[in-house]
Amino acid sequence: MLLAPAPFVPALFAPALAVHDLNLLIDGAAVVDGVDFAVASGEVMALVGESGCGKSLTAHAIMRLLPDAVRQGRGRIELDGENLSALSERQMRRVRGRRISMIFQEPQAALDPLSTVGAQVAEATGLPRSQAREAVLRMLAEVGISDPARRIDQYPFELSGGMCQRVMIASALIARPAVLIADEPTTALDVTIQAQILDLLRRLAVERGTAIVLITHDMGVVADIADRVAVMYAGRIAETGDTAAIFAAPRHPYTALLLAALPRLTDVPRSRLAVIEGRVPAPAEFPPGCRFAGRCPLADDHCRAEVPPLRDVGSGHLSACWHSEAVR
Amino acid sequence: MSGPGHDALVVADLAVHYPARNGPPVRAVDGVSFALARNETLGLVGESGCGKSTVARAIVGLQPPTRGSVKVDGAEIVGASRAALRAARARMQMVFQDPVTSLNPRMTVGEAVGEPLLVRGIARGAALRERVAGLLTEAGLRPEDAGRYPHQFSGGQRQRIVIARALALRPALLVCDEPVSALDVSVRAQILNLLVDLQRAHGMACLFVSHDLAVVRHVCDRVAVMYLGRLAELAPRDALYAEPRHPYTRALLAAVPEPDPVVQRAKPRVPLVGEIPSPAHMPSGCRFHTRCPMTQAICRTVEPEWRQVGSSLVACHFAG
């Protein structure tokens, strides 16, 4: 726990990144609807949810790298207080990789197969080759690449997946961006390598003061490194707050069921896992009220009719549920 | 006590080596032995490239092994004639990770689930439809679903269809290769509950291949941990998770991120250095020595024997 919970922008403490009321539309359906969150320097904020919840689209919207089919409606994205949505594409290009960077799930696919590790990491520095080399070597060492003097001249195919992810992190962070967006950074990696990369991300957040937005589907990853978390369902934030508080006492039925659906190393083997009946509604069929109502054991007519707002349920812990006090 | 002929599966010294154009062969599986009793579920865990999926494919006859023996319900698979293999395949079925590629998009669900029964002349017509309806119900689908096509179902439901089809011939052995890895958490729970129910109802033997130690603990009676083509440890579930004997098992368990910040952040870190070596350039001695936190001189030269420590079998000089 590095900093006090700060789900909304407190006046005395400016976040590195703030997303206000983000709305993303596909064919008129709000696949991301009213998403609000902020991240401070040195903090790890996780966006967690199952496929199609909008977590990855939110990340791409922050980078202004949305697919053509997705249009941004309402919403404002602020980087150190500057409204990114107002920037031209040319200005935005100077922001990406320098003030805000992104790493992806498939490091091998995200790296250029035809250029060396050194060239790719140096690209973000904007320095001439000769000067960049020293900086690159330092950065490779910082992300835990052994023998950087040899690795710097190698190509991605010569490296393992874990090593490629370290290279991607090095190239994302060498320009000292204020914010790093990490989109499922360890999903394609084995658990022993995942543990190494998560340790690295946490260390970099603390040492460099980078604000990290971590996109993941894995509650274990959230529990490991996130200071705060926003649980997303069908394009909306269901619940957000301090990681410890949410895991200890979830106040949204979706979060509670999601946590109870996980087999754990501490539960009784073959015990019944909680299931969430039905499936996530398609965007064209989003109901007028709470989007989880169709699958929720607590849902009533009020839930089906009216969208529950995110309400404070105690010390910065917010839940978008009309029955948050009934969640156990 | 069940003799070898009575076990559902006996794998002895199984090896799968792939020849390389230049250089030594890739030893994907390099001498693996274990047996599986009826009623028993054995988890086979390890990281990518350890050979666990190749073991599964060799068992069901999809991958001819370089050496070794695989007996399913007493019948040898390795080197079996096509007719013998066809007979043996009725006794074993496989469920893969990706239900989308496991189903023919042009066959209705009813045709897919009923095909094994039809092809083997077990049922047809109204009797077949009735059997299919029963299988679908057992897998948590509706009998009416028989007329629909795979694309009309979600990923979790498609995995149910694959499971219904695998159960059609009442196999003695079910081989599941990462059956829930492609599914979202809430759906994964449904399929795990289904698998647990089916184990209870049918008592078939199940080999459960997975990289996920929490999932394996949930459904398995015993667990085998594989590293670079060999078993590092094989133990009853509770022994393996409570008292892992092999340093690799310990590191794997320590690396599982638990969905509980209090537990997870209090956990001792057992960082494994480096990465898995290539199975084409196997380390000398113990194949785990390049990453092991307790490597000694002997580990670099002498391959550890497979030995019993407590209720576990373990391949480590220093286990005990």
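Select α8(A), a helix of 18 residues. Helices here are DSSP runs of H or I with at least four residues, and strands are runs of E with at least two, numbered from the N terminus. The expected span of a helix is 1.5 Å times one less than its number of residues, so α8(A) should span 26 Å, and its end C-alpha atoms, 25 Å apart, agree with that. The model is predicted: local features need pLDDT of at least 70 and side-chain atom pairs pLDDT 80 or more, while totals for chains, interfaces and linings use all residues. Residues are numbered from 1 along each chain as its sequence is written, chains are lettered from A and ligands numbered from 1 in the order written, and side-chain values use heavy atoms, with hydrogens and water left out.

Stay on α8(A) and colour by accessibility: 13 of its 18 residues are buried. Buried means under 20% relative accessible area, exposed over 50%, and partly exposed in between (1.4 Å probe, protein chains only).

Now show both chains. The contact (heavy atoms within 4.5 Å) takes 48 residues from chain A and 47 residues from chain B. Across this interface there are five salt bridges. A salt bridge is a side-chain nitrogen of Lys or Arg within 4 Å of a carboxyl oxygen of Asp or Glu. Select B:R217 and A:D267 to see a salt bridge whose closest N and O atoms are 3.1 Å apart. On the side of chain A that touches chain B, the elements giving two or more residues include α7 (161-173) and α9 (219-225). The most comes from α8(A), with eight residues.

Next, select A:D33 and A:R236. Their side chains meet in a salt bridge (2.9 Å, N to O). A:D33 is in strand β2 (residues 29-39) and A:R236 in strand β11 (residues 236-242) of chain A, 203 residues apart. Are these two residues buried or exposed? A:D33 is buried at 18% relative accessible area, and A:R236 is buried at 15%.

Move to chain B and select B:D73 and B:R91, another salt bridge at 2.9 Å, N to O. B:D73 lies in the loop between β4 (67-72) and β5 (75-76), and B:R91 in the loop between α2 (82-89) and β6 (92-95), so the pair ties together parts 18 residues apart in sequence. B:D73 is partly exposed at 22% relative accessibility, as is B:R91 at 31%.

Finish with B:R142 and B:D145, which form a salt bridge (3.0 Å, N to O). B:R142 is partly exposed at 44%, whereas B:D145 is buried at 2%.
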